[in-house]
Amino acid sequence: MKLTLPELRRDTPLVMVTAYDFPGAQQAERAGMDLILVGDSLGNVVLGYDSTAPVTLSDIIHHTRAVRRGAPDTFLVADLPFGTYHTGVQDAMRAAVRVIQDSGADAVKVEGASPEVLEVITVLTRNGIPVMGHVGLTPQTEVSLGGRKVQGRDEAGAQRILEDAQAVERAGAFAVVLEVIPARLARVITERLSIPTIGIGAGPYCSGQVLVYHDVLGLSDHEKKIARRYAELGQLATEALRAYAEDVRGRTFPAKENSFIIKDEVLDKLY
Ligand code: KIV
């Protein structure tokens, strides 16, 4: 059964994984995920971009619809893409309403804690749209953070991330993702917040964890320190496709059992 917002506030480890399509969503739901995220990591892991910036609202809606069909009973969060909530609260509201209405997501996620983003969180939640926050390493603004590196290692940086997470909670977010920050900073933040913290590269002390589907299943090219690979499906897929190509070239596929029959008298009548 799909968890409700009050249940998501419980003090038990929440497990979230990303999904981008129907089969991935089915697998995630069958595996008992508490939450599924249609992240804008879609850009990197599925669409082949080198960042999340090119992902559009239509991309997110298209993929979230497929995920919703595959996981009708799992709490579903969809990322608001870069640029869709940075041009004022009205635009943000319009984008979020489109995502909720057109894709069937239960909530949206936004990155950062600038005054503008905090206002967006406030307005969306006041109008009944649940919002998940995201602080620390925020991929949509990775370039201005100096690239994909650990955030909050020095005093000023750690203080800023703590304050960002607190501000996101005050603005009304129901949970917050902490990405690529030191484990003990994540622990302090988790202790000081009453909403769940969902870590990725944030150590073991968060209220929950999120990983990218492709990283869990070994479908991404590189080992990532922040993830654990539970299978090597990418390698398996390449081997399977190679075997298929060999069978076609060696004329062992299709075989008799893959073929349909026709009666002689039908064939004999052909001219
Ligand atoms: O887009 C995404 O997949 C994310 C997770 C890494 C939290 O934002």
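**Entry 1: Ligand contacts**

The model I am reading is a predicted one. I then checked Lys109 and found a polar side-chain atom at 2.9 Å from a ligand oxygen. For Ser41, the corresponding distance from a polar side-chain atom to an oxygen of the ligand is 2.5 Å. I noted that the ligand on its own has 260 Å² of accessible area, and that the protein covers 96% of it.

Which residues surround the ligand? I listed Thr18, Leu37, Gly39, Asp40, Ser41, Asp79, Lys109, His134, Val177, Ile200 and Val210. Sorted by class, this shell comprises 4 nonpolar, 4 polar and 3 charged residues.

**Entry 2: Thr18, a residue of the ligand shell**

I followed Thr18, one of the residues around the ligand, into strand E1, which covers residues 14-18. Is Thr18 buried or exposed? Thr18 counts as buried because its relative accessibility is 2%, and the cut-off for burial is under 20%.

I recorded two polar contacts of its side chain. One joins the side chain of Thr18 to the side chain of Tyr20 at 2.8 Å. In the other, a polar side-chain atom of Thr18 lies 2.9 Å from the backbone nitrogen of Tyr213.

I also listed the contacts of Thr18 beyond four places in sequence: Ile36, Leu37, Ser41, Leu211, Val212 and Tyr213. Among these, Leu37 and Ser41 also belong to the surroundings of the ligand.

**Entry 3: Nonpolar cores**

I next examined the largest nonpolar core, which contains 59 residues. Leu80, Ile121, Leu124, Leu178 and Ile189 have the most contacts inside this core. Which helix gives the most to this core? I found helix H7, residues 155-171, with 7 residues. Apart from this core there is another, of 16 residues, including Leu8, Met16, Leu35 and Ala175. As background, I noted that nonpolar side chains tend to be buried together in soluble globular proteins.

I then took Leu178 as a point of entry into the largest core. With neighbours within four places in sequence set aside, Leu178 is in contact with Val135, Ala186, Ile189, Thr190, Thr197, Ile198, Gly199, Ile200, Ala202 and Cys206. Of this list, Ile200 is also one of the residues surrounding the ligand.

I placed Thr190 in helix H8, which runs over residues 183-192. Why does Thr190 count as buried? Its relative accessibility is 16%, and burial requires a value under 20%.

I looked up the polar partners of the Thr190 side chain. The backbone oxygen of Ala186 is reached at 2.7 Å. A polar contact with the side chain of Thr197 is also at 2.7 Å.

Not counting residues up to four places away in sequence, Thr190 touches Leu178, Thr197, Tyr205, Cys206 and Ser207.

**Entry 4: Backbone geometry**

Val180 has a phi near 50 degrees, a positive value in a residue other than glycine. I located Val180 in the loop between strand E6 (175-179) and H8. With a relative accessible area of 10%, Val180 is buried.

Arg251 likewise has a positive phi, near 55 degrees. I found Arg251 in the loop between H10 and H11. With a relative accessible area of 75%, Arg251 is exposed.

Where is a cis peptide bond found? I found one joining Phe253 and Pro254, with omega at about 0 degrees. Pro254 lies in the loop between helix H10 (233-249) and helix H11 (264-268).

**Entry 5: The chain as a whole**

The C-alpha trace spans about 80 × 35 × 35 Å along its principal axes. Of the 271 residues, 45% count as buried. The chain exposes about 14900 Å², of which carbon and sulfur atoms supply 53%. Among contacts between residues at least 6 apart in sequence, 56% join residues at least 24 apart.

Key
Residues numbered from 1 in each chain as written. Predicted model: local features only at pLDDT ≥ 70, side-chain atom pairs only at ≥ 80, totals over all residues. Heavy atoms only, no water. Near = heavy atom within 4 Å. Polar contact = N/O pair within 3.5 Å; in protein donor to acceptor, adjacent residues only side chain to side chain. Areas by Shrake-Rupley, 256 points an atom, 1.4 Å probe, with all protein chains shown as cover. Nonpolar A, V, L, I, M, F, W, Y, C, P; charged D, E, K, R; others polar. Helix = DSSP H or I, 4+ residues; strand = E, 2+ residues; numbered from the N terminus. Buried < 20%, exposed > 50% of the residue type's maximum accessible area, 1.4 Å probe, protein only. Contact = heavy atoms within 4.5 Å. Core = buried A, V, L, I, M, F, W, Y, C linked by side-chain atoms within 4.5 Å.
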